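Open the model in your viewer and keep the selection tool ready.

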Amino acid sequence: LPGRALLPLGAVVFCAALGEGAMVDWSGVYMKDTALAAPALAPLGYAAFSALMTIGRFSGDYLTARFDRVMLVRGGGLLAAGGLLLAILLPQPIPTIIGFAAVGAGLSFIIPLAYSVAGNLPGLQAGRSLAGVATIGYSAFLAGPPIIGLLANAISLRWALVLILLLVASLVLSARALRPS
């Protein structure tokens with residue numbers, strides 16, 4: 001289990017992983033049922049998210065060499081939250097596709113950055129630190145789908161994604177966990 005020093009990094013990974021998992025598990029359903037996308041358009045929300053996630057992951061080293069990692073996480077959290085807000089407020093195919101793309105771009109480099117910080121914390125074993133932070137993060141992939149599903153069943157998927165929006169937006173505050181020691 002992760003030690004106390006790793007909990008802030010774990011929280012960053014948890015929030016980012018919950019956002020990623022929500023897009024993986026629910027973007028197609030949201031496009032079809034909420035944005036009322038035609039069957040040919042419904043997969044494009046996930047495709048846009050995945051494409052921008054991939055581009056962002058490949059760009060992560062370039063970005064971290066040029067910008068402060070705390071600023072990157074804050075900017076990524078804002079971009080992802082803005083994308084979700086767009087999809088929630090304008091549940092139509094095109095704004096939702098654009099919003100989901102923004103979520104992919106915003107979240108793409110956050111988990112790798114947090115893992116990098118965890119593996120380089122002074123005084124802690126790299127493998128144990130990384131495993132502890134990853135354990136917290138992967139719990140989001142386990143807990144997220146059923147939580148979102150229960151909320152969607154109770155209030156609607158559109159409003160269930162507000163929880164994800166709030167957690168992703170919280171990255172703006174929790175980004176300080178990635179400050180150099």
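Is Ser-129 buried or exposed? Select Ser-129: the residue is buried, with a relative accessible area of 2%. Buried means under 20% relative accessible area, exposed means over 50%, and partly exposed lies in between (1.4 Å probe, protein chains only). Ser-129 sits in helix α6. Now show its partners. Beyond its neighbours within four places in sequence, Ser-129 is in contact with Leu-6, Ala-118 and Leu-124. Contact means heavy atoms within 4.5 Å.

A word on the ground rules. This is a predicted model, where local features need pLDDT of at least 70 and side-chain atom pairs count only at pLDDT 80 or more, while totals for chains, interfaces and linings use all residues. Residues are numbered from 1 along each chain as its sequence is written, and side-chain values use heavy atoms, with hydrogens and water left out.

**Zoom out: the whole chain**

Switch to cartoon. The chain has eight helices and zero strands. Its pattern along the sequence is α-α-α-α-α-α-α-α. Helices (H or I, at least four residues) and strands (E, at least two) are DSSP runs, numbered from the N terminus.

The C-alpha trace spans about 55 × 35 × 25 Å along them. The radius of gyration is 16 Å, which agrees with the value near 16 Å for a compact globule of 181 residues. That radius is taken over C-alpha atoms, and the globule rule is 2.2 Å times the number of residues to the power 0.38.

Colour by burial next. Of the 181 residues, 46% are buried. Then draw contacts with a separation of 6 or more: 82% of them join residues 24 or more positions apart.

The accessible area comes to about 8800 Å², and 70% of it belongs to carbon and sulfur atoms. Areas come from the Shrake-Rupley method with a 1.4 Å probe; for residues, only the protein chains shown count as cover.

**Select Gly-99**

Gly-99 is in helix α4 (residues 93-107). The residue is buried, at a relative accessible area of 0%. Leaving aside neighbours within four places in sequence, Gly-99 is in contact with Gly-83, Leu-84 and Leu-86.

**Select residues 157-169**

This is helix α7, with 13 residues. The expected span is 1.5 Å times one less than the number of residues.

Which residues of α7 are buried? Highlight Leu-157, Ala-160, Leu-161, Ile-164, Leu-165 and Val-168. An α-helix has 3.6 residues a turn, so residues three or four places apart point the same way. The buried residues of α7 pack against α1 (7-34), α3 (69-89), α4, α6 (126-154) and α8 (171-174).

Most residues other than glycine have a negative phi. Two selections go against that.

Pick Leu-36, in the loop between α1 and α2 (44-66). Its phi is near 55 degrees, a positive value. Leu-36 counts as exposed, at 65% relative accessibility.

Finish on Ser-156, in the loop between α6 and α7. Its phi is positive too, about 125 degrees. Ser-156 counts as partly exposed, at 23% relative accessibility.
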